[in-house]
Amino acid sequence: MQVYLPIAEMSVNALLVLGMGGLVGFLSGMFGVGGGFLMTPLLIFIGVPPAIAVGTQANQLVAASVSGVLAHWRRGNVDVKLGVVMLLGGMVGTVVGVWIFSILQRIGQIDAAITLSYVFFLGTIGTMMMVEASRALIRRRAPTAKRGKLHRHMWLHGLPLKMRFQRSKLYISALLPAGIGAVGGMLVAIMGIGGGFMLVPAMIYLLNMPTGLVAGTSLFQIIFTTAMATLLQAATNQTVDVMLALLLLIGGVVGAQFGTKAGGRLRGEQARLLLASLVVAVALKLAFDLVMEPNDVFTISTRMS
Amino acid sequence: MSAVRKGAGRLWSVRIAGGVVGLLAGVFLAATVWAQQLVADLSSHLIAITTGFTGTEVVLFGTTDGAGDVAIVVTGPRTPVTVRRKERIAGIWINARSVRFEQVPGYYMVATNRPLDQFVGRPVLERHQIGLPNLQLGPREQLAPDQLALFRSALIRNKQRAGLYGITLGQVAFLGERLFRTNIYFPANVPTGLYNVEALLIRDGEVVSAQTTPLVVSKVGFSAEIYDFARNQPMIYGVAAVIGAIAAGWLAGAIFRRV
């Protein structure tokens, strides 16, 4: 069944897009990540112009995050106070990100910059998570191994503006979650992703937050950053295709529900190892594309630059 | 209610525009038919892009007053296009050199009844911009001719890959001595705007008669509504998109709570 997308100005197979939305939504619900890092490459792969893929994606992530948060909310897995602090940083980050995006666009290097940042962020974080999660799994298998310290002290914990987050049982500087939120906001603007794949490990390893609260809280924060990104993209670039977003979100919200249920059955380390493998695989694919000689070294664009 | 009325109004205005174009073409035809050795028209003067649009075919038909060959040139609206070349820098492929062409048709197709070189010479082809080698694209940068040719052929190659430029010549079929017809295919990604359909009668290597018929490609109905909304009120469009997404997410969450 073909459907014409009014903003992307192309015709796509509705079932294919629904399926893509469902698959990414499932992973999003399972791991508490937005899934944007998978959807952007998929959309570009089926021929959607990159700018429209990024803008539309932000829109569909709003819906996916709302439905994901609801499931976590009912289980009491959202730390609203921490989420709001992250969000304040996220707003600043989004504005800075949009500014960087416009500079890159002006010098004609936005494509390479997007791919490079994907490879860098996904590669680094994926590898770190993989190493950590495998270690945790091995530790679990060998109960005689020495138990790690309950609480490690880093220089990060010496920052000012300490705040108490009762829900997460944390007493840390407010700058820490705000800073993580800011980096997340920048990723939304530049890479068109929710940034969950970065927020989740950062919250686990830097904030030492209880793993159960991480997915819900990051999704809560992502609702607002993606909503802001949607507004900015629609207002400045007119790259939000609501028809495409509708197809993606129908698939996405349904997938996310099943994903959240499936995620509940996974142990933390297993889920993290799975997510890490996925992230590393996408990074490798993108790195490969960047290094391989393209089929046609010439590209054309009708948009004003 | 008002949105519905507005939608219907737009549909009508497009229909009327299409009708007027058709009428003008008809008047033009009638006024010149006595002197014309070639008369041609399209099965439709409006291509309506609706939600279910997957591309369409328009039939061009016409008649000549006797011997000669027919060439049909379909040209879409001209817009600027930037062509970028990737180069390997520090091991990765990134955009390096770019050339901007100012007058690039969004669609270009040529159909003839036999291979062009059999009945017409280069000067005529160049003058009437018949065939991809003779298409003028208006490059802005001053470049060495061989470099410019590379960028030019890359532009054409990319358009062909998108299905917007003909890879081969289309076929004009003669039914008997004088009556001819050809099918023009427009893919789903066809750009909107005013198209020119030119029919040329070529006799002894010269164009003896030419006729230009306009063709409108326009979005209508729901997809047109969305496009206009996004263009004219981008901020409200963005707000609506966000509210819609929140509602959809909420709805799905509520539905699945029962499951």
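**Chain B, overall.** Start by colouring chain B by secondary structure: 5 helices and 12 strands come up. The model is a predicted one. Of the 259 residues in chain B, 31% are buried. Now turn to its contacts between residues at least 6 apart in sequence: 71% of them join residues at least 24 apart.

**Two loops in chain B.** Select B:Ala90. This residue sits in the loop between strand E5 (78-89) and strand E6 (92-105) of chain B. Check the backbone: phi is positive, about 55 degrees, although B:Ala90 is not a glycine. Is B:Ala90 buried or exposed? B:Ala90 has 5 C-beta neighbours inside 10 Å, so it counts as exposed.

Go on to B:Asp204. Look in the loop between strand E11 (193-203) and strand E12 (206-219) of chain B. B:Asp204 is exposed because 9 other C-beta atoms lie within 10 Å, and the cut-off for exposed is 12 or fewer.

**Where the chains touch.** Show both chains and select the contact between them. Chain A puts in 48 residues and chain B 47. On the chain A side, at least two residues each come from strand E1 (2-5), strand E2 (10-13), H3, H5, helix H8 (211-236), H9, helix H10 (268-291) and strand E5 (298-301). Which element of chain A gives the most to this side? H3(A) does, with 10 residues. Colour the chain A side by class: 29 residues are nonpolar, 15 polar and 4 charged.

**A:Gln109.** Select A:Gln109 next. A:Gln109 lies in the loop between helix H4 (80-106) and helix H5 (110-141) of chain A. Show what surrounds A:Gln109. Beyond its neighbours within four places in sequence, A:Gln109 is in contact with A:Leu104, B:Ile94 and B:Asn95. A:Gln109 has 15 other C-beta atoms within 10 Å, so it is partly exposed.

Bring in the UniProt record. Its unreviewed entry lists eight stretches of chain A under "transmembrane region": residues 12-38, 44-70, 82-104, 110-131, 170-193, 213-232, 239-259 and 271-288. Select 44-70. This stretch is 85% helix and 0% strand, with 30 Å between the end C-alpha atoms. Then select 82-104. Here the chain is 100% helix and 0% strand, and the end C-alpha atoms are 32 Å apart.

**H3 against H9.** Stay in chain A and show helix H3 (residues 50-74) with helix H9 (residues 242-265). Their axes come within 9 Å and cross at roughly 25 degrees. That makes H3(A) roughly parallel to H9(A), as angles under 35 degrees count that way. The crossing is right-handed. From H3(A), the meeting residues include A:Thr56, A:Asn59, A:Gln60 and A:Ala63. From H9(A), they include A:Leu244, A:Ala245, A:Leu248 and A:Gly252. By class, this contact has 9 nonpolar residues, 8 polar and no charged.

**H7 against H8.** Move to helix H7 (residues 196-205) of chain A and H8(A). The axes come within 9 Å of each other and cross at roughly 140 degrees. H7(A) and H8(A) are therefore oblique. Their crossing is right-handed. H7(A) brings A:Gly196, A:Leu199, A:Val200, A:Met203 and A:Ile204 to the contact. H8(A) brings A:Thr211, A:Val214, A:Ala215, A:Thr217, A:Ser218 and A:Ile222. The classes here are 7 nonpolar, 4 polar and no charged.

**Last stop: A:Met203.** Keep H7 of chain A on screen and centre on A:Met203, which is part of that helix. Why does A:Met203 count as buried? Because A:Met203 has 28 C-beta neighbours inside 10 Å, where 20 or more is enough. Leaving aside neighbours within four places in sequence, the residues in contact with A:Met203 are A:Ile180, A:Met209, A:Val214, A:Thr217 and A:Ser218. Finish by picking A:Gly181: A:Met203 and A:Gly181 are 22 residues apart in sequence and 9.9 Å apart in space, C-alpha to C-alpha.

Definitions and conventions:
Residues are numbered from 1 along each chain as its sequence is written. Chains are lettered from A and ligands numbered from 1 in the order in which they are written. This is a predicted model: local features need pLDDT of at least 70, side-chain atom pairs count only at pLDDT 80 or more; totals for chains, interfaces and linings use all residues. UniProt positions are given in the numbering used here, feature names are shortened, and annotations may be inferred rather than shown by experiment. Helices (H or I, at least four residues) and strands (E, at least two) are DSSP runs, numbered from the N terminus. Two residues are in contact if their C-beta atoms, placed from the backbone, lie within 7 Å. Axes are lines fitted to C-alpha atoms, for helices over the stretch in contact, and angles run from 0 to 180 degrees between N-to-C directions. Angles under 35 degrees count as roughly parallel, over 145 as roughly antiparallel, 65 to 115 as roughly perpendicular and the rest as oblique. A crossing is left-handed if the near helix is turned anticlockwise from the far one by less than a right angle, and right-handed if clockwise. Ala, Val, Leu, Ile, Met, Phe, Trp, Tyr, Cys and Pro count as nonpolar, Asp, Glu, Lys and Arg as charged, and the others, Gly among them, as polar.
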